[in-house]
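Student: I'd like to go through this model and ask where its labels come from. Can you take me through it?

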Amino acid sequence: MAASCAEDPSLERHYKGHRDAVTCVDFSLNTKHLASGSMDSCLMVWHMKPQSRAYRFTGHKDAVTSVNFSPSGHLLASGSRDKTVRLWVPNVKGESTVFRAHTATVRSVHFCSDGQSLVTASDDKTVKVWSTHRQKFLFSLSQHINWVRCAKFSPDGRLIVSASDDKTVKLWDKTSRECVHSYCEHGGFVTYVDFHPSGTCIAAAGMDNTVKLWDVRTHRLLQHYQLHSAAVNALSFHPSGNYLVTASSDSTLKIVDLLEGRLLYTLHGHQGPATTVAFSRTGQYFASGGSDEQVMVWKSNFDVDDGDVPKGQRPRAALASSSRNLPDVDFHLPGRARSQEPAQSVPPPREPASTPQALTSALEHIVGQLDVLTQTVCILEQRLTLTEDKLKQCLENQQLIMQRVTP
């Protein structure tokens, strides 16, 4: 029997205003505003109320890579390729304070639940913690050996999790500043990581097209999903903790039922890679951004209350154990063909036949070669960044010389 349309996620709003790829999105606490950052160096703050004017904030000198509203919604943090972090007052004036301590691109910004601290991650291989009220750098966490793509506080603010191009996810104790555990199961760069709303497990997305969930107390791998056909760029938990949405370079968003360990929907909307996704604080909406310069807001329409998961529920009880490739169930934008039963039960896949040893060896060799290529690309990216910085410096010096020469 087909699921009713009221239960399907639906495209609610479509925002156009950025002049380059959208890299990040985040909702304010009351879901009245949505912030987005872009490769065009700008932040946009969109009003969820129809026909309301959006704010465009300029100040960063290079691409904006991450945005996050403070718990109260009175501040908006952003990170950029210009190596700075900015704290904005999201109003008409759009005033901001600049934080400087990173020596390379800042990839991620995230407020602690008490609003007192901010954690940032950077290509300088460090995770840094700042005091938001004193507007002061506090300390660095420095055990990653490659770019750090993402860092997040746990819901209670006691732990920090970070994801890196060194293929690890690291769990840190904020008080002792020690690395509690390293998760090394990813086969490629780890692009994104976040805590389950219960705080008892984490989900990480990777360039190896996978999403993995671990228990942060036992460090046991709980779930492993091979959902996408390209890199997974971002993910977000529904506030109930029952659902996870992912965004991928294969241009799709996918919604997973974590309780049953199965794929519910595949959403097609972006033309090109879907780069970012985030649920609102209430779970009523989720927003996505892409390389097509567009921000889309979707209505969740999940048949759940936000309080579905009892407080303190253990993730091993809450999350179905799953480490299989999930079948793909498509859900398209209105106007395109859509599957009739997006939430239908799907039989488990058959056990694969045994793989010949020669084929296994060949595949392992190919994976090894791809790893070498990936590392080479990483080195080239680093050199390109250095070249861009030097070129920018040369142009600035040339402008200064020209100003002195010109009478």
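Tutor: Start with residues 57-88 of this predicted model: the span is 53% strand and 0% helix, and its end C-alpha atoms sit 9 Å apart.

Student: What makes residues 57-88 a stretch to look at?

Tutor: UniProt, in an unreviewed entry, lists 57-88 under "repeat: WD", along with spans including 183-224 and 267-299.

Student: How do you know which strands of the open sheet stand at the edges?

Tutor: The order in this four-strand sheet is β1-β28-β27-β26, and the pairing is antiparallel. β1 (10-16) and β26 (274-279) each have a single partner strand, so one side of each has no neighbour in the sheet, and that puts them at the edges. From one strand to the next, the twist averages 20°.

Student: Why do β1 and β28 count as paired?

Tutor: Pairing needs at least two bridges, and six join β1 to β28 (residues 294-299), so they count as an antiparallel pair. Within that pairing, histidine 14 stands opposite methionine 296 in β28.

Student: Switching to side chains: why is the contact of aspartate 215 with arginine 217 called a salt bridge?

Tutor: The cut-off is 4 Å between a side-chain nitrogen of Lys or Arg and a carboxyl oxygen of Asp or Glu. The closest N and O atoms of aspartate 215 and arginine 217 are 3.0 Å apart, so the contact qualifies. A search of the whole structure gives nine salt bridges.

Student: And what makes aspartate 215 buried or exposed?

Tutor: Buried means under 20% relative accessible area. Aspartate 215 has 0%, so it is buried. Arginine 217 has 41%, which lies between 20% and 50%, so it counts as partly exposed.

Student: What about aspartate 156 and arginine 158?

Tutor: That's another salt bridge, 2.9 Å from N to O. Exposed means over 50%, so arginine 158 at 59% is exposed, while aspartate 156 at 46% is partly exposed.

Terms used
Residues numbered from 1 in each chain as written. Predicted model: local features only at pLDDT ≥ 70, side-chain atom pairs only at ≥ 80, totals over all residues. Heavy atoms only, no water. Buried < 20%, exposed > 50% of the residue type's maximum accessible area, 1.4 Å probe, protein only. UniProt positions renumbered as here; feature names shortened; annotations may be inferred. Helix = DSSP H or I, 4+ residues; strand = E, 2+ residues; numbered from the N terminus. Axes fitted to C-alpha atoms, helices over the stretch in contact; angles between N-to-C directions.
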